[in-house]
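Here is a short report for a reader new to this structure. Look over the sequence and the model before reading on.

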Amino acid sequence: MEKATSTSCPSTPRWNVDRPFLTGRFHQETKGTSRLADTKGFSTDVFSHGLERPIGYYNAAVQELIVIDDLLSAMVGIEGRYISIRRVRGQEDHISFQVDASMDLAIQELAKRMFPLCKSYLLIDQFVESRSQFKNGLVNHAFAAALKALLLDYQAMVAQLEHQFRLGRLSIQGLWFYCQPVMGSMQALSIVIQKASANNFTGSSVLNLLQSQAKAMAGDNAVRSLLEKMTQCASNAYLSILERWVYEGVIDDPYGEFFIAENKSLQKESLTQDYDAKYWRQRYSLKEGIPSFLANIAGTILTTGKYLNVMRECGHNVQVPASENYKLMIFGSNHHYLECIKAAYDFASGELLNLIKEKYDLIGKLRSIKHYLLLDQGDFLVHFMDIARDELTKKFDEISVEKLQSLLDLALRTTAAAVDPCHEDLTCCVERFSLLKRLSTLKDLEVRTVSDDNDLAEPLNITGLETFSLSYKVEWPLSIVISRKALAKYQLIFRFLFRCKHVDRQLCGAWQVHQGVRALNMRGTAISRSSLICRSMLKFINSLLHYLTFEVLEPNWHAMHNRLQTAKSIDEVIQYHDLFLDKCLRECLLLLPELLKKVERLQSLCLQYAAATQWLISSSISIPKLEEHSKSSRPSRMLTMTTENASVTDSILKFEREFNAELQSLGPILSNSSQAEPYLTHLAQWILGVGHDQ
């Protein structure tokens, strides 16, 4: 249950407590004199001469008149001459009434029947006085105001009864009869306020208590209607807070009663800076103590205000249509307030979605990120890798990021990317860890555990080719969808693709060297064997790239794009985008470290082979210049071959054995994993096909 909050609020002036004449409590703290005026057949002198006498001194008729006078006083919290009020210090709800023991037993029994009503009045009056203070919140203020209005009607009834008594038309049985209709209502309200006082309820807890008591009194229509009216009056203040939230996205809650909390320490800038940014999920969140009549729609209410708040932060003028800007001050069984909230949600959701899609071009931004970070249009990358080769081969801590950025800008301006207006948002960065190590640090990703922790050991002397990555500048409000976490996932995919592209380029260079000596009769030599290995390695890396791009990224992108076209809210957009990234990470093997480690081992072998092959062939075969070739008539003078060198042959055969061994060990792992991960079936077929070609 929601307790009284510690929200700062004005304090009640001390004189309001110290001066009981301002509140009327002095009537309850001092014995009141008889309000009995001249009644028909009696005068006050009859009583004035015997004030100190016990009531039993008088006959029954006179006792009845005295008791009626005292009861009328007790009904408004004032002690009479023979009916006293007893309170326990420190326990405000412990109130008892005592009568003179000498009173006639029949009259005494009738008087005691009236005491519950008198006690209920005292409790309600005391609750109104205490809950009208600032610290108790708007709901208690509204509830106390409704109770005060009820007490005014009650006091008017007592005044009418007193008038009848003065006219000599009221007996004690008549008093009991006239008080019957209000007795049940006052007792029901006293039960509510005793529970509220005992638990120090505020805000929604008071509303829930009133509603539960109204349901419990379903058999008494009068009491149930009264409690429902009290609930409606108390909820008006709450609904006014709710109205500002669902129509303006503003929390106007001075006493902390609303069920939505705002964490002002979370700023929207964190979305682009912090991987674990919690702005969208926790800037506004649900608290405990949601009113029961709003429990089923609390999530919708939270989302509606969040959407409006985003538009307000963007400087967008939010104008709720007049037909939907209906006051949420009607609370009842017709549930009209639910329709108003639903209409406000539909408006806010549609407006924000149009704002992000049209004005801020979300789809265009995502497509631009796809071009660069998912290498959808990789011509700029080819040019960049050519001009930045020397810088990327340095150790990661020796690389100049500024130089890489200038080279990237040059590559973007001199390729087809120059026509893209978003290319200026692309930046480069150099990570401190290898891809496998980076994946292990992201705890929120469902990365399968690796049996041997040594498999994730950081390689020595990693270069920019292993740590280079691209980043993308995303401004508010697109950062809600393309957050720092989403960009980090894009970067993981980019680094894997970049590594594959680099391996492919190196193998293509080795293949060109082989093609340079193709005209020579190399059949049966180590170079012909090397040519076969190079072709197998190229087929492996090309199959892997084909799988990543055409089997994973493209289909998933189109599925996400189609879903975004039908999305009804920004939360659905976030959900579809995150689903796309998580699925791509999983299907790109990045969440399967065992497979990823095998692929990286194969890539390392390919790079070692490419570097060694280019050096071996260029140093083992001496090709004369074109002029010498035209003058030479003997094959012995055309070239000098050293391919029979045993060390060259051994090196090539060693690469072949290691590559085939790694490839064959990868095949069974892919085949086994494809049962749990069906998307690996195509990759397994290609990898096994490469192995069979050997």
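In which helix is the place of serine 235? Serine 235 sits in helix α9, residues 221-248. Helices here are DSSP runs of H or I with at least four residues, strands are E runs of at least two, and both are numbered from the N terminus. Serine 235 is buried, with a relative accessible area of 0%. Buried means under 20% relative accessible area, exposed over 50%, and partly exposed in between, using a 1.4 Å probe on protein chains only. The side chain of serine 235 reaches the backbone oxygen of glutamine 232 at 2.9 Å.

This is a predicted model, where local features need pLDDT of at least 70, side-chain atom pairs count only at pLDDT 80 or more, and totals for chains, interfaces and linings use all residues. Residues are numbered from 1 along each chain as its sequence is written, and side-chain values use heavy atoms, leaving out hydrogens and water.

**The whole chain**

The protein chain has 26 helices and eight strands. Buried residues make up 48% of its 694 residues.

**Helices and strands**

| Element | Residues |
|---|---|
| Helix α7 | 172-199 |
| Helix α20 | 526-566 |
| Strand β5 | 426-430 |
| Strand β6 | 468-472 |

Helix α7 has 28 residues and reaches 38 Å from its first C-alpha to its last. That is close to the 40 Å expected at 1.5 Å a residue; the expected span is 1.5 Å times one less than the number of residues. α7 bends by about 50 degrees at glutamine 180, and proline 181 follows within four residues. The bend is the angle between axes fitted to the seven residues ending at a residue and the seven starting there. Just after α7, asparagine 200 takes a positive phi of about 55 degrees.

Strand β5 is largely enclosed by the rest of the structure, because four of its five residues are buried. β5 pairs with β6 in the antiparallel sense over five bridges. Pairing requires at least two DSSP bridges between the strands. Threonine 427 stands opposite serine 471 in β6.

**Cores**

The largest nonpolar core has 114 residues, and Phe384 and Leu590 have the most contacts inside it. Such a core is a set of buried Ala, Val, Leu, Ile, Met, Phe, Trp, Tyr and Cys residues joined through side-chain atoms within 4.5 Å. Helix α20 gives the most to this core, with 15 residues. A second, separate core of 88 residues includes Val76, Val128, Leu175 and Val206.

Technical notes:
A polar contact is a pair of N or O atoms within 3.5 Å; within protein, one must be able to donate a hydrogen and the other to accept it, and residues adjacent in sequence count only if both atoms are side-chain atoms.
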